[in-house]
Amino acid sequence: MMEIMVCLKQVPDAAEVRVDPATRTLMRQGVAAMVNPFDLHALEEGVRCRERLGGGRVTAVSMGPPQAAEALREALARGADAAVLLGSRVFAGADTLATSRVLALAAGKLAPGLILAGKQAIDADTGQVGPELAAWLDWPLVCYVAKIREISPARAVVERRLDSGREVLEVDLPAVFTVIREINEPRLPSFKGRLRAKKAAIPVWDERELGADPAETGLAGSPTAVAEIFPPPRRERGEMPTAGTPAEAARLLAGKIRECRPA
Amino acid sequence: MREAPAAGPGGVWVFGEQEEGRLHPVVPELIGKGRELADRLGLPLAVPVFGRGAEAAAREALAHPVDLAIPAEDPELWIYSPEPYAARLAGLAGERRPEIILAGATAIGREFLPRAAVLLKTGLTADCVGLEISPDRLLRQTCLSFGGNVMAAIVCPGRRPQMATVRPRVFRPAEKGGRGGRLETAPPAAGPPAVRKRRLEWLPETAGGADLAGADLVVAGGRGMGGPKGFALLERLARRLGGALAASRAAVDAGWAPPDRQVGQTGITVRPKLYLAFGISGAAHHLAGMADSDRILAVNRDPGAPIFSVAAWGLAADALEVVPALLRELGE
């Protein structure tokens, strides 16, 4: 029975987050929390792999504060069999190196045959946690997976997108795959799933449970630090001439395109 | 916070991503920026280059102001794969101790640099758009987060090397003109890593969004294009102008354009020289994927639409009427 671990991140609706220009801090009050959209595709793919294999277990895993349990409940409602929250005060303030370290320890306990994650999270947009997780485990990594063609407990055949083409790879398992949106269309939570998720107990693993060295987690385990945050430079509202008929508008626009067109 | 370690003697490194002996266009951009950083720190600039054709690409790098090029052509590096690439880069960095390693934030760079960072137990900043040396001689790395709404300056005070992937097309390419830099072929790695992955097929592709991400000119449509017919017009316009076609999420969700054309937070991020937006209102999710374009021209019926807050020039008009007229105007 294959264990499939799916990494989820709870993120704010990133498009709504702003920097307070006076205090230079994040304004995220009232911004809804959600499961990182790319991770929902990873979850869906995990559930589909379990279905194709005719059995197994999909465990959703998230490192985060207590409220991240909500993201895990959504994963349960959408088809995960189990969920674990990696939570502790000492995990707070982690950069990608410290985050991936904790996820790797969780993988050590779950012993999955496959780990799936979204290609990046929409808040920090780094795309580094999946690859770094694979590195801590010394497992093969395939990013930007667009299709899992074949899967067995020992190996998988996957298609992934690079900048100049599509690569088909045969990969020995266990491995870490990060997925892109085109891999699938995530199913919606079922009514039964929602009920089950509501009642489910979500275990919390802390540094003791994981056998983590606190020096490798959270702020202490993070080589990088945010020196400053600030709002992006504001653009001035551009010129907007009055357009008459569509033909006039087209003439104005064609002139502007000729002027701006790259050589 | 730990004391900053002594500057790595290996200097500033720029990873020389290459294909068949030709450097990726981001490499000269990184050489230009890397040269500036190296000069600030009084350190040499080196370019490691991996894979088949590495030596030719290393010579191309030396035509720029680079002090040292380090090609490695071991067979396990012939076909790109993150495991051998990361092992090799980390191995070389362990021996030569660079202060800084920069790589393009390309599909490859963003895949294997994180693995190298773990092997080196150091920090890595993703997709930087700004790099400078701070007064305390740290690499100050600026990146965008929260869909472009927030900029952050990141530092890595206590560990070396300081590593960053850097967004292509942000920095000006280095001027041509070598400085008599050396070429020093890296000896083959002692124990190549076990092969746990095999390439079965490689399907070169220009479609499917790859052309879009690197395009100089993008023609994008949204809900205001009314339907698939409107998008067929945009496709003709894109062809006429030699640009790539893009769409907003609303248009993709409606099925008017394929998902690999979607620009925005959960789609592709583009930064063309010219972005033409037709019938796009400019939801924050869309702006996150295109607001950094050099020039944005927008046509949308609603003069209050947010797209006009990022556009250099705009027309409050019905895009569905303007596009056919524009095709006639351009003599299609």
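Which residue is the bridge partner of B:V299 in β17(B)? In this predicted model, where local features need pLDDT of at least 70, side-chain atom pairs count only at pLDDT 80 or more, and totals for chains, interfaces and linings use all residues, the partner of B:V299 is B:L315. Residues are numbered from 1 along each chain as its sequence is written, chains are lettered from A and ligands numbered from 1 in the order in which they are written, and side-chain values use heavy atoms, with hydrogens and water left out.

That residue pair belongs to strands β16 (residues 295–299) and β17 of chain B, which run parallel and are joined by three bridges. Strands here are DSSP runs of E with at least two residues, helices are runs of H or I with at least four, and both are numbered from the N terminus; two strands pair if DSSP finds at least two bridges between them. The surrounding sheet is open, with five strands of chain B in the order β14-β13-β15-β16-β17 and parallel pairing.

A second open sheet draws on both chains: ten strands in the order β14(A)-β9(B)-β8(B)-β7(B)-β10(B)-β6(B)-β1(B)-β4(B)-β5(B)-β11(B), with mixed pairing. β14 (225–230) of chain A and β11 (182–183) of chain B stand at the edges with a single partner strand each, so one side of each is left without a neighbour in the sheet. Within this sheet, β4 (residues 45–50) and β5 (residues 68–72) of chain B pair in the parallel sense over five bridges, and B:V47 stands opposite B:A69. Helix α2 (residues 54–62) of chain B packs on the sheet against β4, β5 and β11 of chain B, at about 170° to the direction of β5(B).

Turning to the interface, the contact takes 88 residues from chain B and 85 residues from chain A. Together the chains bury about 7500 Å², 58% of it on carbon and sulfur atoms, where buried area is the accessible area (1.4 Å probe) that two parts lose on being put together, summed over both. B:F146, B:R196 and B:W313 supply 10% of the area that chain B buries against chain A, more than any other three residues. Eight salt bridges are counted between the chains, each a side-chain nitrogen of Lys or Arg within 4 Å of a carboxyl oxygen of Asp or Glu. One of them links B:R140 with A:E228, the closest N and O atoms being 2.9 Å apart. Strand β12 (residues 197–204) of chain B gives the largest share of the side that touches chain A, eight residues. β12(B) also pairs with β11 (residues 165–172) of chain A in the antiparallel sense over seven bridges, and A:V171 stands opposite B:K197.

Key:
Contact = heavy atoms within 4.5 Å. Axes fitted to C-alpha atoms, helices over the stretch in contact; angles between N-to-C directions.
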